[in-house]
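Look at the structure below before reading on. The report then goes through some of its parts in turn.

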Amino acid sequence: MLEIENLTLKYGQSQILNGISMTAEAGQVTAVMGTNGVGKTSLLKAIAGRHPYEDGRIVLDGKELKHLTAFGAARAGIAYVPQGREVFPLMTVQENLESGFACLDRNERGVPDRIFELFPILKDFLHRRGGDLSGGQQQQLAIARALITRPRVLLLDEPTEGIQPNIIQQIGRVIAQLREEGEIAVVLVEQYFDFAFDLADDFYAVNRGSVVLHEPKATLAREVLLERVSI
Ligand SMILES: Nc1ncnc2c1ncn2[C@@H]1O[C@H](COP(=O)(O)OP(=O)(O)OP(=O)(O)O)[C@@H](O)[C@H]1O
């Protein structure tokens with residue numbers, strides 16, 4: 001389980017996160033929602049070691065991860081699929097996948113067959129350059145590369161952004177499958193409301209760097225969440 005306690009983050013003098021607390025459990029999809037600029041990406045970057053947080057704690061499976069670098073966070077089991085995907089455009093699909101090996105021990109460096117079961121298109125396109133894939137295929141590659149690191153936590157920043165509907169459905173199925181397997185805590189930042197609402201088990205609405213609603217799917221009315229994330 002991932003636990004975030006009172007996380008604060010600044011860019012220069014601008015306070016962006018005002019003490020965010022949340023949890024994300026293995027075998028669940030935890031959605032973080034809110035309008036543009038409320039701090040969702042900053043939260044994921046802090047968890048992934050991509051931007052230093054100011055105060056608070058990040059705890060994974062009972063162990064505090066203290067201000068890790070991006071490499072340290074990946075080694076600790078946190079995989080991050082950034083908004084915009086960050087696929088290497090001149091490297092092949094295979095090379096992009098292998099770039100995920102950097103944080104693994106030498107004996108763990110392989111692409112499991114399961115990756116190609118989840119994303120069959122990547123097997124067909126192994127020797128194609130990342131930059132020649134469609135946006136949806138690049139998103140699948142970015143998620144596959146993250147899964148190769150054998151994460152405990154998968155952070156997804158707007159995985160549906162700019163992607164055609166049939167690939168959005170495929171990505172939704174993969175996330176649902178990860179949930180069913182029960183090994184990984186998926187944290188989903190998403191502005192496509194219905195995608196997130198259908199998929200997630202637990203919801204956090206964020207506004208101006210604070211959690212303004214936390215409720216599990218079981219008791220959450222669609223209209224209530226919609227109102228809180230549209231402020
Ligand atoms: N590197 C940076 N330097 C200064 N300010 C930044 C930086 N990155 C983000 N911000 C600002 O911090 C605030 C939160 O940005 P963030 O990207 O975390 O929001 P978000 O909720 O993910 O929004 P979006 O949905 O648009 O990605 C915004 O006001 C943004 O302009």
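This is a predicted model: local features need pLDDT of at least 70, side-chain atom pairs count only at pLDDT 80 or more; totals for chains, interfaces and linings use all residues.

Strands of a sheet pair through backbone hydrogen bonds, in either a parallel or an antiparallel sense. Here 6 strands form an open sheet in the order E6-E7-E8-E3-E9-E10, and the pairing is mixed. Strand E6 (78–81) and strand E10 (210–216) are the edge strands, each pairing on one side only. From one strand to the next, the twist averages 15°.

One pair can be followed in detail. Strand E7 (residues 153–157) runs parallel to strand E8 (residues 185–189), and the two are joined over 5 bridges. In this pair, valine 153 is opposite alanine 185 of E8.

## Two helices on the sheet

Helix H1 packs on the sheet, where H1 touches strand E3 (29–33), E6, E7, E8 and strand E9 (202–207). The direction of H1 makes about 150° with that of E7.

Helix H6 (residues 135–148) lies across E6 and E7 and runs at about 170° to E6. The length of H6 can be checked: at 1.5 Å a residue, its 14 residues should span 20 Å, and the end C-alpha atoms are 20 Å apart, which agrees. Of the 14 residues of H6, 13 are buried, so the helix is largely enclosed by the rest of the structure. Just after H6 comes arginine 150, which has a positive phi of about 55°.

## The shell around the ligand

Which residues are around the ligand? They are Tyr11, Ser14, Ile16, Gly34, Asn36, Gly37, Val38, Gly39, Lys40, Thr41 and Ser42. By type, the shell divides into 3 nonpolar, 7 polar and 1 charged.

Strand E2 (14–24) and helix H1 (40–47) each supply at least two residues of this shell. The largest share, 3 residues, comes from H1. H1 is also the helix that packs on the sheet.

## Valine 38

Valine 38 belongs to the shell around the ligand and sits in the loop between E3 and H1. Is valine 38 buried or exposed? A residue counts as buried if 20 or more other C-beta atoms lie within 10 Å of its own. Valine 38 has 22 C-beta neighbours inside 10 Å, so it is buried.

Leaving aside residues up to four places away in sequence, valine 38 touches Val206, Asn207, Arg208 and Gly209. Alanine 74 is 36 residues from valine 38 along the chain, and the C-alpha atoms of the two are separated by 25 Å.

Methods. Residues are numbered from 1 along each chain as its sequence is written. A residue is near a molecule or strand if its C-beta atom, placed from the backbone, lies within 6 Å of it. Helices (H or I, at least four residues) and strands (E, at least two) are DSSP runs, numbered from the N terminus. Ala, Val, Leu, Ile, Met, Phe, Trp, Tyr, Cys and Pro count as nonpolar, Asp, Glu, Lys and Arg as charged, and the others, Gly among them, as polar. The expected span of a helix is 1.5 Å times one less than its number of residues. A residue is buried if 20 or more other C-beta atoms lie within 10 Å of its own, exposed if 12 or fewer, and partly exposed in between; C-beta atoms are placed from the backbone. Two strands pair if DSSP finds at least two bridges between them. Axes are lines fitted to C-alpha atoms, for helices over the stretch in contact, and angles run from 0 to 180 degrees between N-to-C directions. Two residues are in contact if their C-beta atoms, placed from the backbone, lie within 7 Å.
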